[in-house]
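Me: I'd like to go through this one with you, a few questions at a time. Here it is.

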Amino acid sequence: MTDTRPSATTPDAYVLGVDSGGSGLRVALGRAGSDGPLSTAVCAEPVRTGTGGIDAAHLLEQLLPVAAELLERAAAGGGRPANGPAGEGPTASGPTRDGSVRVAALAVGAAGMATLGGRLRAELPGALSAALGVRRLALAADAVTAYAGAVGQRPGAVVAGGTGMIALGTDLVEWRRADGWGHLLGDNGGGAWIGRAGLEAAMRAHDGRRGGSPALLDRLRAVFGPAEELPGLLYPRSDRPAVLASFAPEVAACAGADAIAAEIVRRAGVHIAEAAAAVCPKDGAEADGGCEVALTGGLFRMGEPLIGPVREELARLVPQARVTTGTGDPLTGALRIARALATDDLRLPHHPTMLSVQNT
């Protein structure tokens with residue numbers, strides 16, 4: 001029988017992008033020669049992380065059936081877009097071991113990849129080659145896929161803000177990183193940082209100490225109950241950063257009328273601008289129209305109370321910086337990296353842990 005599978009260089013070759021984060025695993029199927037996904041799927045269970053790092057077997061256990069299902073949807077629908085959670089649509093008969101469909105390239109972006117991705121780099125290439133026929137694979141830190149989604153393959157910088165905060169920049173020769181060190185060592189200006197600062201101001205008001213905010217104390221009581229019971233609710237939790245970050249919207253909501261809350265949000269913007277300035281490429285930026293700094297992530301839904309101070313402080317630190325709002329998320333970025341791999345057009349810098357590219 002004649003093999004009619006598209007090659008890795010044809011526009012109709014399939015590519016897969018994967019985003020693995022704290023809220024679960026997301027997968028997008030696309031074509032090498034087309035923007036945007038054909039279909040997407042979501043696995044609600046986050047990939048496990050243990051003493052050996054990110055669990056490669058658990059990632060494969062979720063990814064392979066979903067990938068097979070997306071490929072079947074595309075084949076059945078003639079490549080028409082179709083979106084939905086994993087489990088909808090045709091039942092997968094298993095990954096494409098019969099060779100009827102070939103995935104030209106696949107990119108995985110994962111939280112913790114830079115420090116906990118050793119098992120993924122060791123185990124995924126062979127497993128994905130056997131199951132999906134993948135020959136080109138990129139394993140990236142989620143900050144890299146956030147960069148690709150927000151900036152693309154141009155020089156610039158991205159700030160990814162959510163529970164935490166990390167800044168990443170490149171001149172397309174090397175990567176520069178600032179912060180992203182977690183809520184105990186950094187993530188300054190991120191959601192957990194804002195939430196913790198707001199709760200501290202609330203507890204100061206509870207005690208009658210200087211710098212307290214009665215408005216934030218009222219919100220603490222509404223959200224968590226009596227203030228004196230908060231330590232018992234917070235300290236035993238393994239998800240303390242997320243609990244702290246859950247209070248950040250309360251701080252933002254109070255910022256319009258409460259000076260303490262407004263100052264917390266302003267200081268968060270300054271921290272974010274400092275991180276962005278540390279990674280923004282300088283050489284040739286003015287000649288090229290300035291350094292683009294894209295803001296991406298749920299943190300920036302706070303809007304102008306946060307973005308305004310970022311813009312003001314960054315203008316002082318890096319006058320050539322241009323603040324933009326990233327339009328693509330990390331899943332978009334993973335799909336863009338896979339597409340660039342498939343077409344031999346990946347211009348983002350390779351790096352052993354930030355962006356590892358393997359050909360099998």
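Me: Which residues in helix 11 does helix 10 meet?

Reply: Keep in mind that this is a predicted model. Helix 10 brings Val 265, Arg 266, Ala 268, Gly 269, Val 270, Ile 272, Ala 273, Glu 274, Ala 276 and Ala 277 to the contact. On the helix 11 side, they meet Pro 305, Leu 306, Pro 309, Val 310, Glu 313, Leu 314 and Leu 317.

Me: How do the residues of that contact divide into nonpolar, polar and charged?

Reply: Gly counts as polar here, while Ala and Pro go with the nonpolar group. On that basis the contact of helix 10 with helix 11 has three charged residues, one polar and 13 nonpolar.

Me: Is helix 10 parallel or oblique to helix 11?

Reply: The two helices pack with their axes 7 Å apart, at an angle of about 45°. Roughly parallel would need an angle under 35 degrees, and roughly perpendicular starts at 65. So helix 10 relative to helix 11 is oblique.

Me: And is the crossing of helix 10 and helix 11 left-handed or right-handed?

Reply: Besides the angle of about 45°, the crossing has a hand. For helix 10 and helix 11 it is right-handed.

Me: What about helix 5 and helix 10, are they roughly parallel or roughly antiparallel?

Reply: Helix 5 covers residues 191-207, and its axis is 10 Å from that of helix 10, at an angle of about 150°. The cut-off for the antiparallel class is over 145 degrees. So helix 5 against helix 10 is roughly antiparallel.

Me: Which residues of helix 10 does helix 5 meet?

Reply: Helix 5 passes helix 10 in a right-handed crossing. From helix 5 come Trp 193, Ile 194, Ala 197, Gly 198 and Ala 201. The contact divides into seven nonpolar residues, two polar and one charged.

Me: Which cysteines does the disulfide join, and why does it tie together separate parts of the sequence?

Reply: The structure holds one disulfide, with an S to S distance of 1.8 Å. One partner lies in the loop between helix 10 (259-279) and strand 12 (291-296) and the other in strand 12, so the pair ties together parts that are eleven residues apart in sequence.

Me: Is Cys 43 buried or exposed?

Reply: Buried means under 20% relative accessible area. Cys 43 comes in at 11%, so it counts as buried.

Me: How many residues of helix 4 are buried?

Reply: Helix 4 runs over residues 142-150 and is mostly covered. Ala 143, Val 144 and Tyr 147 are among its buried residues. Across the whole chain of 360 residues, the buried share is 51%. For helix 4 the count is eight of nine.

Me: Leu 172 and Asp 344 both have a positive phi without being glycines. Which of them counts as exposed?

Reply: Leu 172, with a phi of about 70°, lies in the loop between strand 10 and strand 11 and is partly exposed at 27%. Asp 344 has a phi of about 55° and lies in the loop between helix 12 and strand 14. Exposed takes over 50% relative accessible area. With 58%, the one that counts as exposed is Asp 344.

Technical notes
Residues are numbered from 1 along each chain as its sequence is written. This is a predicted model: local features need pLDDT of at least 70, side-chain atom pairs count only at pLDDT 80 or more; totals for chains, interfaces and linings use all residues. Side-chain values use heavy atoms; hydrogens and water are left out. A disulfide is a pair of cysteine sulfur atoms within 2.5 Å. Helices (H or I, at least four residues) and strands (E, at least two) are DSSP runs, numbered from the N terminus. Buried means under 20% relative accessible area, exposed over 50%, partly exposed in between (1.4 Å probe, protein chains only). Axes are lines fitted to C-alpha atoms, for helices over the stretch in contact, and angles run from 0 to 180 degrees between N-to-C directions. Angles under 35 degrees count as roughly parallel, over 145 as roughly antiparallel, 65 to 115 as roughly perpendicular and the rest as oblique. A crossing is left-handed if the near helix is turned anticlockwise from the far one by less than a right angle, and right-handed if clockwise. Contact means heavy atoms within 4.5 Å.
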